[in-house]
Amino acid sequence: MIPISQLVKELKLKPHQLHKWEERGWLGFDPVLKDPDNNGQRIYNEYQVERIYFIHEVIEEQKKQGIHRTNFKEMEEKLFEKFGGEVKRIENEVVEVLPASIEAFQQLLVQQNKQINALTDMVQELQKKELQSPNDHTSDFEEMKKQLRLSEEREDKLLTLIEKLQEDVQSLKEMVPKKSRWKFWG
């Protein structure tokens, strides 16, 4: 566990920057702990520290490119590429999903679908052709069928997850109270 004071010194950051990263959900699932022996100072686990160093690197790259304000969309995409998508549960069991996560899921589904189609084409070609070499390719064929099944299972799981996320987003929209036209009832 590394205290916030050490990270602030090492990376030459301000504590409020780390707090903002935490609020945006960039530090992962685990809650940031506070050290009761050290005035309630925030302390970070190894996974969070790895993410903090990665975020710092991305921001430094953006600064070198002349970007002085953090590009949040790019940051979320890079975090997703490096650490995978994350869905954060809130106390009332409402799911908070970063918009980039849904787009990334959709991209994964498109890639998965391309892989499934390619594997299906390969299987169909192998079924049409008679293998002319004396080698036994049965194990290769079985492995390809196994990979095809696994890809289809992953696609089904991702589709189910996207449907659940869309339902949760819809229920969130329904939970938001409508604003009244009247500011004050006297």
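Why does Gln112 count as buried? Please set the answer in the context of the rest of the fold.

Reply: The model is a predicted one, and in it Gln112 has a relative accessibility of 9%, so it counts as buried, the cut-off for that class being under 20%. Gln112 lies in helix H5, which covers residues 99-128. When its neighbours within four places in sequence are left aside, Gln112 is in contact with Ser151, Arg154 and Glu155.

As for the protein around this residue, buried residues make up 29% of its 186 residues, and the accessible surface comes to about 14000 Å², with 51% of that area belonging to carbon and sulfur atoms. Among contacts with a separation of 6 or more, 60% are between residues 24 or more positions apart.

The protein has 6 helices and 5 strands, which follow one another from the N terminus as β-α-α-β-β-α-α-β-β-α-α. Elsewhere in the fold there is an open sheet of 3 strands, with antiparallel pairing and the order S1-S3-S2. Strand S1 (2-3) and strand S2 (33-35) stand at its edges, and because each has a single partner strand, one side of each is left without a neighbour in the sheet. The antiparallel pairing of S1 with strand S3 (residues 41-44) runs over 2 bridges, and Pro3 has Ile43 in S3 as its bridge partner. Helix H3 (residues 46-64) lies across S1 and S3, at about 90° to S3.

How values were computed. Residues numbered from 1 in each chain as written. Predicted model: local features only at pLDDT ≥ 70, side-chain atom pairs only at ≥ 80, totals over all residues. Heavy atoms only, no water. Helix = DSSP H or I, 4+ residues; strand = E, 2+ residues; numbered from the N terminus. Buried < 20%, exposed > 50% of the residue type's maximum accessible area, 1.4 Å probe, protein only. Contact = heavy atoms within 4.5 Å. Pairing = 2+ DSSP bridges. Axes fitted to C-alpha atoms, helices over the stretch in contact; angles between N-to-C directions. Areas by Shrake-Rupley, 256 points an atom, 1.4 Å probe, with all protein chains shown as cover.
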